[in-house]
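This report looks at charged pairs and a surface patch. Please view the sequence and the structure first.

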Amino acid sequence: MSTSRWVSTSMPYLTPRERGQGDAWSADAAAQGRRGSQRVVHAGEVRAPAEVARLLDVPDGEPVVVRRRLILLDDEPNELTDTYYPIAIARGTPLAGTAKIRGGAVTLLAELGHVGALVREDVTAGLPDEQELEALRLAPAEPVLRLTRLTLDGDDKPIQVDRMVMPAQRQQLRYEIRIG
């Protein structure tokens, strides 16, 4: 395995941070002796794409809030992440803006009374579209991993959908599941 490959586990990104802690991505990268940062390239209300509408249980095309980010590892593109929230949760909050959120979005969601209780992740592989190719600085035939994460609260109501695109050759996804 190349030392440039990033091993990703989901758990640090699913739980609120302690007061005063930075975001999970920066902390995760720092623990590996690397520098993790991100740029919010767009935030605000959009019409829900069909898959997002289905996952958030809203009508197709219904307004939702999205935060589109370019995730960087040592100043190099590592991932594209679009995170969608129901309007009732995110409208008028920092989730709808481009400013950095202290402790990350999951921490803010918890402060707003929305705590994840169940997460479902689906991973597929494929070729990038033109925008992904350019943003992630990929070779034309370099495959990507697409991870879609749905977060539900304790009442099984959707509170967040993440759609991530990662260069397949630079990633390893690790799932640790406690049984019992």
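Is Arg-146 buried, partly exposed or exposed? Arg-146 is partly exposed, because its relative accessibility is 26% (buried is under 20% relative accessible area, exposed over 50%, partly exposed in between, with a 1.4 Å probe and protein chains only).

## Basis of the model

This is a predicted model, in which local features need pLDDT of at least 70 and side-chain atom pairs count only at pLDDT 80 or more, while totals for chains, interfaces and linings use all residues. Residues are numbered from 1 along each chain as its sequence is written, and side-chain values use heavy atoms, with hydrogens and water left out.

## Salt bridges

Side chains of opposite charge can pair when their charged atoms come close. The whole structure holds eight salt bridges (a side-chain nitrogen of Lys or Arg within 4 Å of a carboxyl oxygen of Asp or Glu).

One of them joins Arg-146 to Glu-132, at 2.8 Å from N to O. Glu-132 counts as buried, at 10% relative accessibility. Another salt bridge pairs Asp-75 with Arg-35, whose closest N and O atoms are 2.4 Å apart. Asp-75 is partly exposed at 42%, and Arg-35 is partly exposed at 44%.

## Nonpolar patch

Val-123, Tyr-175, Ile-177 and Ile-179 make a nonpolar surface patch of about 470 Å². Patch residues have over 30% relative accessible area and no salt bridge; like charges are joined within 9 Å, and nonpolar side chains (Val, Leu, Ile, Met, Phe, Trp, Tyr) within 5 Å. Accessible areas come from the Shrake-Rupley method with a 1.4 Å probe; for residues, only the protein chains shown count as cover. Ile-179 counts as exposed, at 79% relative accessibility.
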